[in-house]
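Please keep the structure open beside them and find each residue as it is named.

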Amino acid sequence: MTELRRKFENHLILRRYSPKTSAAYINAVKLLAQHYSLSPDLLTDDQIQDYLLYLLKEKGLTWNTCNVHFSGIRHFYTCILQRDIDLSLPPRPRIKKVCLALSKDEVRQLIFSCTNLKHRTLLLTVYSAGLRVSEVVKLEPSHIERSRQMLRIE
């Protein structure tokens, strides 16, 4: 084990980083050094930035994984080597999810697949009233107005 690695491991332990985060950060610096076959203290900012782009573009890693590498590398250079590095990671891409509506048969099949009456009633209430999860969890029996056949949503 190199002196830099030992110093980084001890630093992460003293800062109470979780074992998984520590392992991820150490691995990020190790992979960076292996990529260039050089000690990480000999690498330039441009080399490090090129490595991050390599992870995103050529290796096809997700933004979250690249962010873990970015955070580990930045932490190593700023805290262990006490070197200000100029790195950037492109912003997280915004993915718009398209909600697909269920057909009447799919809804019917979903609702009637429940054998528990309480669960079936809950599904029917949620679907027929078009409730959000946050609205469903706040429902109470007092919100039911039987005389008017209405449901009060707070």
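1. Please bear in mind throughout that this is a predicted model, and that the points below describe what was computed from its atoms.

2. I would begin with the pair formed by helix α3, residues 45-57, and helix α4, residues 63-80, whose axes come within 9 Å and cross at roughly 165°. Angles over 145 degrees count as roughly antiparallel, and α3 and α4 are therefore roughly antiparallel to each other. The crossing of these two helices, α3 and α4, is right-handed.

3. Which residues of α3 and α4 meet? On the α3 side they are Ile-48, Tyr-51, Leu-52, Leu-55 and Leu-56, and on the α4 side they are Trp-63, Cys-66, His-69, Phe-70, Ile-73 and Tyr-77. Sorted by class, this contact of α3 with α4 holds 10 nonpolar residues and one polar residue, with no charged residues.

4. Between α3 and α4 runs a loop, and Leu-61 is found in it. With a relative accessible area of 26%, Leu-61 is partly exposed, because the partly exposed class lies between the buried limit of 20% and the exposed limit of 50%. If neighbours within four places in sequence are left aside, Leu-61 is in contact with Leu-55, Leu-56, Cys-66 and His-69.

5. The helix α4 also packs with α2, at an angle of about 85° and with the axes 8 Å apart. Since angles of 65 to 115 degrees count as roughly perpendicular, α2 and α4 are therefore described as roughly perpendicular to each other. From α2, the residues Ala-24, Tyr-25, Ala-28, Val-29, Leu-31 and Leu-32 take part, and they meet Val-68, His-69, Ser-71, Gly-72, Ile-73, His-75, Phe-76 and Tyr-77 of α4. By class, the contact of α2 with α4 has 10 nonpolar and four polar residues, and no charged ones.

6. At 14% relative accessibility, His-75 counts as buried.

7. The largest nonpolar core has 22 residues, and among these Phe-8, Leu-32, Ile-48, Ile-73, Tyr-77 and Leu-87 touch the most other members. The elements giving two or more residues to this core are α1 (3-14), α2 (19-36), α3 and α4, and α4 gives the most, with seven residues.

8. Ser-37 is exposed, with a relative accessible area of 66%, and its phi is near 55°, a positive value in a residue other than glycine. Most residues other than glycine have a negative phi. Ser-39 is also found in the loop between α2 and α3, and with a relative accessible area of 31% Ser-39 is partly exposed. The C-alpha atoms of Ser-39 and Val-29 are separated by 9.6 Å, and these two residues are 10 residues apart along the chain.

9. Not counting residues up to four places away in sequence, His-143 touches Lys-138, Met-150, Leu-151, Arg-152 and Glu-154.

10. Finally, please look at Gln-149, which lies in the loop between β1 and β2 (150-151). Gln-149 has a positive phi of about 50° although it is not a glycine, and at 75% relative accessibility Gln-149 counts as exposed.

Terms used:
Residues numbered from 1 in each chain as written. Predicted model: local features only at pLDDT ≥ 70, side-chain atom pairs only at ≥ 80, totals over all residues. Heavy atoms only, no water. Axes fitted to C-alpha atoms, helices over the stretch in contact; angles between N-to-C directions. Helix = DSSP H or I, 4+ residues; strand = E, 2+ residues; numbered from the N terminus. Parallel < 35°, antiparallel > 145°, perpendicular 65-115°, else oblique. Left-handed = near helix turned anticlockwise from the far one by under 90°. Contact = heavy atoms within 4.5 Å. Nonpolar A, V, L, I, M, F, W, Y, C, P; charged D, E, K, R; others polar. Core = buried A, V, L, I, M, F, W, Y, C linked by side-chain atoms within 4.5 Å. Buried < 20%, exposed > 50% of the residue type's maximum accessible area, 1.4 Å probe, protein only.
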